[in-house]
Amino acid sequence: MKSAVALSVLSVIAASHAQAAETLLGVYIFHRHGDRTPKALAPANLTILGYEQVYTSGNYFRSRYLTGDSKIKGINEDTVKLSQLAVTAPVDNVLQSSAMGFLQSLYPPVGQTIQTLADGDTVQAPMNGYQLIPVNTVQSGSGSEDNGWLQDSSGCYNAKISSNSYFNSDSYTSLLASTKDFYSSIVPVVNATFNASDVTFKNAYVVYDLINVAEIHNASIPDSQVLTNQTLFQLRTLADTHEFNLAYNASDNLRAMSGMQLAGEILKYFNSTIASGTAGSSANKLAIQFGAYATFLSFFGLANLTHANESFYGVVDYASSMSLELFTTADASAGFPDTKDLQVRFLFHNGTASNTSQPAVYPLFGGAADAVSWNEFEGNLSRFAVSTTQDWCTKCGNTTGSCAAYADSGTGSSSGNGSASAGAGSHMSAAVGGVIGAFVTLALVLGALAAFMLLGGFRLAKKGGRNAAVGGSTVGETAVKA
């Protein structure tokens with residue numbers, strides 16, 4: 001009798017474990033590009049280090065979602081099925097190249113692929129069966145790595161106005177004044193590129209970016225003794241503060257338009273995953289989007305991830321990634337589960353993910369749970385997600401180009417046509433597209449599908465016309481989102 005009771009208990013335990021087993025149904029990855037040349041040298045290019053970073057990351061996500069214990073249910077493991085995969089990146093050299101490098105290891109060559117033609121001739125696939133995976137282009141964020149101020153690539157008029165307001169805030173004014181002496185001490189390091197008057201908190205990110213690239217690649221840096229560990233840390237934290245405040249504001253979601261768009265894209269994709277699964281299709285399993293760090297910051301703020309960890313206030317490192325996993329603990333063997341049985345969790349890794357340095361789970365929306373129900377996830381994201389062109393145009397106040405169809409007739413509003421209101425541009429960060437010059441050369445990726453150039457080593461050097469290296473910009477001059 002005791003044995004029977006014990007066996008019964010064990011059966012219950014085994015059943016509960018089986019019930020608790022997870023089935024991964026879909027994943028959305030948002031990924032930053034790898035190491036690049038400075039924004040100063042437009043167009044920026046992916047470096048060999050950057051290529052290696054995104055390739056390593058792709059290999060990790062292959063082991064997680066295509067071949068490992070967390071494999072997405074029904075996804076092709078070796079030969080890509082394009083209907084299962086959606087890959088996007090803005091019209092940007094660094095981001096497009098990063099996406100291609102990532103895909104090379106996500107779906108590596110499938111081997112000696114040979115095709116026999118009708119006349120008996122055989123053709124062998126180039127590059128040992130290299131798999132051609134399209135990277136679809138999106139307009140939002142186009143040219144972001146060539147802009148010192150990332151909001152310039154958003155095309156959203158009202159988002160730019162919102163970001164500009166940071167330069168009128170007390171916190172900005174206070175930091176501008178309190179860090180004056182600190183930035184003055186940096187001038188000897190960068191005076192071949194900047195006028196001394198431009199080395200201030202106003203240009204916190206581009207100053208940091210220039211020095212950061214030099215620290216990674218330059219064997220020697222002018223007056224490098226100035227760059228102590230404490231100084232480098234302060235440069236980074238000031239850049240973090242500067243960029244977070246330009247990307248997100250708790251009282252004005254419009255500043256986080258890039259994060260709002262990402263939220264809309266995530267919802268749209270997961271809804272397509274659910275619709276496909278419910279219909280018995282294997283489509284829409286894995287979405288991978290490459291984008292700039294400002295989108296990370298905007299989404300972190302909107303999803304209240306800063307409550308989970310203060311590190312979410314900072315600019316993410318090269319090749320950082322965040323993943324949203326759609327899964328269920330219900331039995332999925334008989335078909336796609338009901339939406340009430342779906343859950344979502346958020347994972348993030350700062351820098352290149354690998355099998356020895358894996359992403360960690362963080363709670364969304366200021367909560368404490370590692371996962372939320374699909375209904376809760378959809379409800380929270382829907383509060384700020386922008387999913388349609390009309391919604392984007394309305395919120396941004398744009399009325400030209402693709403937004404013309406949604407413009408109120410006869411309004412004549414200048415705020416919606418991409419032109420700047422009086423004085424609006426006077427507070428924009430001086431560090432905008434192509435603004436900071438520094439001759440830095442390095443070896444670039446020679447990819448199979450990307451035309452990379454092979455150059456030499458890095459150096460900080462004077463660029464002609466440095467007085468024009470930092471200048472203002474007019475709000476709304478960027479093309480409207482298509």
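Two strands are said to pair if DSSP finds at least two bridges between them, and strands (E, at least two residues) and helices (H or I, at least four residues) are DSSP runs numbered from the N terminus. By that criterion, strand β2 (residues 85–90) and strand β6 (residues 286–291) pair in the parallel sense over 4 bridges. The model is predicted, so local features need pLDDT of at least 70 and side-chain atom pairs count only at pLDDT 80 or more, while totals for chains, interfaces and linings use all residues. Residues are numbered from 1 along each chain as its sequence is written, and side-chain values use heavy atoms, with hydrogens and water left out.

- Strand β2 is mostly covered, with 5 of its 6 residues buried, where buried means under 20% relative accessible area, exposed means over 50% and partly exposed lies in between (1.4 Å probe, protein chains only).

**Aromatic pairs**

- Rings of Phe, Tyr and Trp (its six-membered ring) pair if their centres lie within 6.5 Å, and planes under 30 degrees apart count as stacked, over 60 as edge-to-face and the rest as tilted; by this rule the count comes to 25 aromatic pairs.
- One of these is the tilted pair of Phe 61 and Phe 102, at 6.1 Å centre to centre and with 45° between the planes; this pair links distant parts of the chain, with Phe 61 in helix α2 (residues 48–65) and Phe 102 in helix α3 (residues 93–106), 41 residues apart.
- Phe 61 counts as buried because its relative accessibility is 0%, and Phe 102 likewise counts as buried at 0%.
- Tyr 205 and Tyr 293 form another tilted pair, with 4.8 Å centre to centre and 40° between the planes; Tyr 205 lies in helix α7 (residues 204–217) and Tyr 293 in helix α10 (residues 293–302), so the pair ties together parts that are 88 residues apart in sequence.
- Tyr 205 has 4% relative accessibility and therefore counts as buried, as does Tyr 293 at 0%.

**Ring cluster and a charge over a ring**

- Ring pairs link Phe 30, Phe 296, Phe 300, Phe 312, Phe 346, Phe 348 and Tyr 362 into a cluster.
- Arg 345 lies over the face of Phe 327, at 4.1 Å from the ring centre, the criterion being that NZ of Lys or CZ of Arg is within 6 Å of the ring centre and within 35 degrees of the ring normal.
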